[in-house]
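Colleague: I am new to this structure and would like to learn how to read its features one at a time. Could you take me through them slowly?

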Amino acid sequence: MNRLDIRDIISIKDFTRDQLEIVFTAADYISKLSYEERSSLCRGKILGYAFYEPSTRTRLSFEAAMASVGGSSLGFSNTATASTQKGESLADTIRIMAGYVDVVILRHPLDGSSRFAAEISDKPIINAASGTEEHPTQALLDIYTIKKEKGTVDGLNIGIIGDLKHGRTVYSLLYALIHYDVKVYLISPESLKIRPESIFELGKSISFTEITDIEECIDELDVLYVTRIQRERFTDQEEYEKMRGSYVVGLDIVGRMKKDAIIMHPLPRLDEISPDVDGTSHARYFEQARYGKDIRAALLHLLLADSS
Ligand code: NCD
């Protein structure tokens, strides 16, 4: 087993704080290496990607990360051109891909898909987002961004605003934040509140307050994590239209934040952060996306270091 002692990255719930810190330390270490040193870490290794849902950052940053540590990537991000189109099952696709590559990253609309794939695959599986359930590598880069930009995670007030019902990044982030001493505000319209079973699971391990109006906490926040409304998860498109534009982080809100508060977003952004916020000293979402490359390179290095 590798230094992380985890074969598959399925859920952030599988991580202890020490394991989170191992990934962050590895990302720091990798980011300081010379090109030659870095590109020897996973030389000759192959990453396979099976993406059954759209992606820009996750897939590209994994590919960029693998290239930077000396490996290569292959796969499909459009099921119309894969055998899925002919009716091939997820199980068979994963079995076949695992025979060609050293690690498989999977994005799939079904909750539980990565756990299922890990049972079938004889190579490590990385969950690159599963349904509305989880996006563990996003949580790793989110926490890493907070550490890099704020110097610490402990002691911070963190506001998470948006579609908390459907946004999988929110769930992984919350399950990771359990390991830190933080105060969390969950800010959303009533119908987009976090799912009750997660509230139950988070229980007493994290201090959080659910509110509908950001005004109630804006001046207290050190981090504001914004998410989009997940249109594709709505069964009723009329309901989506009703919710659209129900919260927008603009200069009026930003002007009331602490001077050193930061704004994050897993991206893609639609209209929930107005573009004039991009030029303020608070915006960190593009840096956040960039940290994704080092975090994913660290993960690949940790998972593949001892594999032959
Ligand atoms: C997120 C996702 O796919 O869940 N995107 C990402 O990977 N950065 C967020 C989103 O789609 O809203």
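Colleague: In which pocket does the ligand sit?

Modeller: Please keep in mind that this is a predicted model. The ligand sits in the largest pocket, where it is surrounded by residues including Thr-58, Arg-107, His-135, Gln-138, Pro-266, Leu-267 and Pro-268.

Colleague: How many nonpolar, polar and charged residues does the shell around the ligand have?

Modeller: Sorted by class, the shell holds 3 nonpolar, 5 polar and 3 charged residues.

Colleague: Which polar side-chain atoms lie 2.9 Å or 3.1 Å from an oxygen atom of the ligand?

Modeller: A polar contact is read here as a pair of N or O atoms within 3.5 Å. A polar side-chain atom of Thr-58 lies 2.9 Å from an oxygen atom of the ligand, and one of Arg-107 lies 3.1 Å from a ligand oxygen. On the backbone side, a polar atom of Pro-266 is 2.9 Å from a nitrogen atom of the ligand. Taken alone, the ligand exposes 320 Å², and the protein buries 94% of that area.

Colleague: How many aromatic pairs are there?

Modeller: A pair of aromatic rings is described by the distance of the centres and the angle of the planes. The count comes to 6 aromatic pairs.

Colleague: Which peptide bond is cis, and what is the phi of Asp-5?

Modeller: Most residues other than glycine have a negative phi, and most peptide bonds are trans. Here the bond from Leu-267 to Pro-268 is cis, with omega near 10°, and Pro-268 belongs to the loop between strand S9 and helix H11. Pro-268 is also among the residues that surround the ligand. Asp-5, although not a glycine, has a positive phi of about 65°, and Asp-5 is found in the segment before helix H1.

Key: Residues numbered from 1 in each chain as written. Predicted model: local features only at pLDDT ≥ 70, side-chain atom pairs only at ≥ 80, totals over all residues. Heavy atoms only, no water. Near = heavy atom within 4 Å. Polar contact = N/O pair within 3.5 Å; in protein donor to acceptor, adjacent residues only side chain to side chain. Areas by Shrake-Rupley, 256 points an atom, 1.4 Å probe, with all protein chains shown as cover. 1 Å grid on protein atoms, 1.4 Å probe; cavity = no way out; pocket = protein on both sides within 12 Å on 5 of 7 lines; lining within 4 Å. Sits in = over half its atoms within 2 Å of the grid points. Nonpolar A, V, L, I, M, F, W, Y, C, P; charged D, E, K, R; others polar. Phe/Tyr/Trp six-rings, centres within 6.5 Å; stacked < 30°, edge-to-face > 60°. Helix = DSSP H or I, 4+ residues; strand = E, 2+ residues; numbered from the N terminus.
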